[in-house]
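Please keep the sequence and the coordinates at hand while reading.

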Amino acid sequence: MGTIARALPVRSLRNWRKRLRFNLSLSKFLQLRFNLFLLSVWPISFTRAYVWMLSKLYFFFRPGLVAAVRSNVARGLTGRTPQEVDEIVDDVLKGMIRHYQEKMFNGFLAMPKFRKFLASNVIFDGYEQVLTDALQEGRGVVIATAHYGALEFLPIYLAMRKYETATLARFRSERLKNIIVPRANGDGLDIIVPGNGTNVFREASKILSENKIFVTQCDEAETWHKDSKSNVEFLGRNIHPDRMLDVLCKRTGAVLLFGVLEREGRNK
């Protein structure tokens with residue numbers, strides 16, 4: 001420790017401690033350059049175990065975050081016993097870690113490894129006919145999905161299967177965008193990035209007019225264009241739904257599907 005203290009000003013050490021403790025999200029923590037180097041050279045099994053270990057370590061040092069998850073679960077699932085809430089919270093945290101494993105695979109695993117992983121571990125399980133039937137109508141297809149556990153794999157998997165696919169994605173940094181977009185484009189997936197004058201509605205309409213698939217997430221309520229005249233019940237609460245999917249499908253005539261990925265154990 002003395003060597004480090006001499007090499008770095010005390011103020012720098014304090015600033016790094018504050019950054020790690022208060023400002024570094026799990027995503028940014030996993031994307032530290034040292035971690036990315038290891039993820040790029042290790043086999044998938046090592047990568048999965050390493051991300052799991054780092055995520056557990058992160059939650060261990062962020063008890064307030066775990067407490068917030070528990071509070072939200074208890075508030076959303078009323079009538080559950082404390083033991084049931086604890087079991088659900090444990091499953092939620094495991095799901096979050098698997099989600100970040102998938103994010104790291106999608107963004108930073110070497111592409112030959114990533115393609116092999118998707119080809120061997122993701123299956124339609126008989127539902128591909130639903131998609132092909134929708135495309136045969138020639139009106140384009142909107143797939144509404146959840147960012148949590150689907151947006152990482154679903155669009156790129158469809159593109160790898162030679163379905164003409166585009167998706168909407170937001171990036172927390174220009175660096176991340178510059179990494180993800182070329183990787184996706186290389187496998188035939190188009191990515192619409194909001195901002196800088198991009199009209200998402202117009203771009204999505206153009207994609208659908210060419211009878212392609214447009215994948216969009218529908219679970220981030222802070223980005224919704226809420227329909228003040230409608231209400232839906234979600235987790236025991238009335239909320240105003242997003243109206244843009246209805247508007248998009250009515251304007252373009254596209255078929256609307258809901259699609260998610262279901263995890264089966266660690267690999268499937």
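The structure is a predicted model. Helix 5, which spans residues 44-60, packs against helix 4, helix 6 and helix 7, and the geometry of these pairs is set out in the table.

| Helix pair | Angle between axes | Axis distance |
|---|---|---|
| Helix 4 (residues 33-41) and helix 5 | about 155 degrees | 9 Å |
| Helix 5 and helix 6 (residues 63-76) | about 90 degrees | 6 Å |
| Helix 5 and helix 7 (residues 82-108) | roughly 130 degrees | within 9 Å |

With the axes of helix 5 and helix 7 crossing at roughly 130 degrees, helix 5 is oblique to helix 7, and the crossing of this pair is right-handed. On the side of helix 5, the contact is made by Ile-44, Thr-47, Arg-48, Val-51, Trp-52, Ser-55, Lys-56 and Phe-59, which meet Leu-93, Lys-94, Met-96, Ile-97, Arg-98, Tyr-100, Gln-101, Met-104 and Phe-105 in helix 7. By class, the residues of this contact comprise 10 nonpolar, 3 polar and 4 charged.

Helix 4 and helix 5 pack at about 155 degrees and are therefore roughly antiparallel to each other, again with a right-handed crossing. Here Phe-34, Asn-35, Leu-38 and Leu-39 in helix 4 touch Thr-47, Tyr-50, Val-51 and Leu-54 in helix 5, a set with 6 nonpolar, 2 polar and no charged residues.

For helix 5 and helix 6, the angle of about 90 degrees makes helix 5 roughly perpendicular to helix 6. Tyr-58, Phe-59 and Phe-60 in helix 5 meet Pro-63, Leu-65 and Val-66 in helix 6, and the residues of this contact divide into 6 nonpolar, no polar and no charged.

The volume of the second largest pocket is about 850 Å³, and 32 residues line it, with Ile-123, Phe-124, Val-260, Leu-261 and Glu-262 lying nearest its centre. Besides helix 7, the elements that give two or more residues to this lining are helix 8 (111-121), helix 9 (128-136), helix 10 (154-160) and strand 7 (255-258). Which classes make up the lining of the second largest pocket? The lining residues divide into 17 nonpolar, 6 polar and 9 charged.

Definitions and conventions. Residues are numbered from 1 along each chain as its sequence is written. This is a predicted model: local features need pLDDT of at least 70, side-chain atom pairs count only at pLDDT 80 or more; totals for chains, interfaces and linings use all residues. Side-chain values use heavy atoms; hydrogens and water are left out. Axes are lines fitted to C-alpha atoms, for helices over the stretch in contact, and angles run from 0 to 180 degrees between N-to-C directions. Helices (H or I, at least four residues) and strands (E, at least two) are DSSP runs, numbered from the N terminus. Angles under 35 degrees count as roughly parallel, over 145 as roughly antiparallel, 65 to 115 as roughly perpendicular and the rest as oblique. A crossing is left-handed if the near helix is turned anticlockwise from the far one by less than a right angle, and right-handed if clockwise. Contact means heavy atoms within 4.5 Å. Ala, Val, Leu, Ile, Met, Phe, Trp, Tyr, Cys and Pro count as nonpolar, Asp, Glu, Lys and Arg as charged, and the others, Gly among them, as polar. On a 1 Å grid over the protein atoms alone, a cavity is a set of points where a 1.4 Å probe fits but cannot get out, and a pocket is an open set with protein on both sides within 12 Å along at least five of seven lines; lining residues have an atom within 4 Å of a point. Grid points are joined across faces, edges and corners, and a volume is the space filled by probe spheres set on the points.
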